Amino acid sequence: MDDTTSAAARLGFDQRRLDRLDHHLRRYVDQGQLPAWQLAITRRGEVAHRSSYGYRDVAAAAPVGDRTLWRIYSMTKPIAAVAAMTLWEQGVFQLTDPISRWIPAFADARVYTGGSASDPETAPAREPIRVWHLLAQTSGITAGWMGTSVVDALYRKAGYGTFPPPGTTLESFSDAMARLPLLFEPGSAWGYGNSTDVLGRLIEIWTGRSLDAAIAECVTGPLGMRDTVWYAQPDHEVATLYRQDDDGRLVPLEEINRYAWEAPTMHSAGGGMLSTLSDYLRFTTMLTGEGELDGVRIVSPRTLRLMTQNHLPGDLAALCTGGFADSVFDGVGFGLGFAVVVDPLRAHSASSAGEYYWGGAASTVFWVDPAAELSVVFMTQLMAYRDGELVPRDALPLRAELRQLVYSSLTA
């Protein structure tokens, strides 16, 4: 029995079932449906299982490795949320503060009430957008890539589709969001979108620094996440981003791949970072450590518990405005930066109540299950993409299958 097998058994895993998990994922690569993947599973603060397979560049047959850099997209959001809450702990803001206190354009926010994209009807918002609304995705700010409502169409008409216009900054982006109508009254529903990018602008204002510098100071620097960056350097090994064509074959997304090497004018708190498996594992290990890693405390246990409880009056099934399938809706709520499992049975999941998680557009995902003392980080680069627009759903059912395979590997 090798050290990895021994650790897995000691931590309550059946090694044969973990091998079965790897075999299942390898099959996707061998069949040409997935370019590569990396996986890490921890329990009680120790790595129980770590594996990888495939090529970071299929055409070049360049294998995935420890220094492979992945676009984590929306897995940037929890990092930004933690950064914001380190400032909350310092008394910089209250969660109930209206964001117009710092971004005055939002004082005149309007809500869509009817009409078409060419002739929309709006009314003044009755409730101001508050800081917690941004963290919980209940602000009414949506995104042009959602493509399911008149408001989404208005975003695209204004130039804010999958990517913002060239030269956009967080300041100009936030002002543009303030000029566009809200999808719903703040706090009345749950709608995925650009809320975290506006939060990123607040972090800049609160710290007096650019978002990249602020997050480095608050989170990634103290955690030693040296390879969690906003763009790659020449010595980085960046994984190629792929989509599936109509026949299920992998096709590089060349028009997006190049962005990984370009310094952005807008540091997107909602989806702008790249990271390695090892770096993101340091972030999740801090979470499983109740806000602390290697003697460095990022947030207090109470703050983390506040962030990982459901802040909605119900679950996503009751409150989601539609157009988003990155999460199971039944039995799942949302906290401050994380989806939260409220009722595993309603979600038809073997996970525990209190599990929290999120994923990225390139099929990456992580979750933390405090009750099971478990965390999982999964990296790959397969984007659901159609007709030049992001499709907010998995290209493969990887996340659901991962949960099945990981939880069925537990024996204690």
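1. This is a predicted model. Because 8 of its 10 residues are buried, α13 is largely enclosed by the rest of the structure.

2. Glu401 is buried but has no salt bridge, and the nearest side chain of opposite charge, that of Arg27, is 5.8 Å away. A salt bridge requires a side-chain nitrogen of Lys or Arg within 4 Å of a carboxyl oxygen, so Arg27 does not qualify as a partner. What does the side chain of Glu401 make a polar contact with? One partner is the side chain of Tyr28, at 2.8 Å, and another is the side chain of His24, also joined by a polar contact of 2.8 Å. Leaving out residues up to four places away in sequence, Glu401 touches His24 and Tyr28.

3. Trp37 is placed in strand β1, residues 36–43. With a relative accessible area of 1%, Trp37 is buried, because buried means under 20%. Apart from residues up to four places away in sequence, Trp37 touches a set that includes Asp22, Leu25, Arg26, Val29, Tyr53, Val64, Trp70, Phe378 and Met379. The side chain of Trp37 also reaches the backbone oxygen of Leu25, at 3.3 Å.

4. The nonpolar interior comes next. In soluble globular proteins, nonpolar side chains tend to be buried together. Here the largest nonpolar core has 118 residues, and Val131, Met177, Trp206 and Phe283 are those with the most contacts inside it. Helix α3, residues 76–89, gives the most to this core, with 8 residues. Beyond residues up to four places away in sequence, Trp206 touches Ala84, Leu87, Val92, Phe93, Trp102, Val131 and Leu199.

5. Helix α3 also contains Pro78. Pro78 counts as buried, at 0% relative accessibility. Its contacts, with neighbours within four places in sequence set aside, are Tyr280, Phe283, Gly337, Phe338, Trp358 and Phe366. The C-alpha atoms of Pro78 and Ala269 are 9.0 Å from each other, with 191 residues of separation along the chain.

6. Helix α6 covers residues 170–179, and its buried residues are Leu170, Phe173, Ser174, Ala176, Met177 and Ala178. They pack against three helices: α5 (150–157), α7 (195–207) and α8 (211–220).

7. Tyr73, in the loop between β4 (68–71) and α3, has a phi near 45°, a positive value in a residue other than glycine. Tyr73 is buried, with a relative accessible area of 14%. Ser363 is found in the loop between β15 and β16, and its phi, near 75°, is likewise positive in a residue other than glycine. At 2% relative accessibility, Ser363 is buried.

8. Side chains of opposite charge can pair when their charged atoms come close. The count for this model is 20 salt bridges. In one of them, Arg126 pairs with Glu185, with the closest N and O atoms 3.5 Å apart. This pair links distant parts of the chain, 59 residues apart: Arg126 is in the loop between β6 (120–124) and α4 (131–136), and Glu185 is in the loop between α6 and α7. Arg126 is exposed at 72% relative accessibility, whereas Glu185 is buried at 13%.

9. Other charged pairs complete the picture. Arg16 and Asp14 form a salt bridge whose closest N and O atoms are 3.7 Å apart; Arg16 is exposed, at 66%, and Asp14 is buried, at 17%. Asp245 forms a salt bridge with Arg249, at 3.2 Å between the closest N and O atoms. A network of salt bridges links Glu171, Arg201 and Glu204.

10. How many disulfides does a search of the whole structure find? The search finds 0. Among the cysteines, Cys218 is buried at 13% relative accessibility, and Cys320 is buried at 18%.

Notes:
Residues are numbered from 1 along each chain as its sequence is written. This is a predicted model: local features need pLDDT of at least 70, side-chain atom pairs count only at pLDDT 80 or more; totals for chains, interfaces and linings use all residues. Side-chain values use heavy atoms; hydrogens and water are left out. A disulfide is a pair of cysteine sulfur atoms within 2.5 Å. Buried means under 20% relative accessible area, exposed over 50%, partly exposed in between (1.4 Å probe, protein chains only). A nonpolar core is a set of buried Ala, Val, Leu, Ile, Met, Phe, Trp, Tyr and Cys residues joined through side-chain atoms within 4.5 Å. Helices (H or I, at least four residues) and strands (E, at least two) are DSSP runs, numbered from the N terminus. Contact means heavy atoms within 4.5 Å. Lys and Arg count as positive and Asp and Glu as negative; His and the chain ends are not counted. A polar contact is a pair of N or O atoms within 3.5 Å; within protein, one must be able to donate a hydrogen and the other to accept it, and residues adjacent in sequence count only if both atoms are side-chain atoms.
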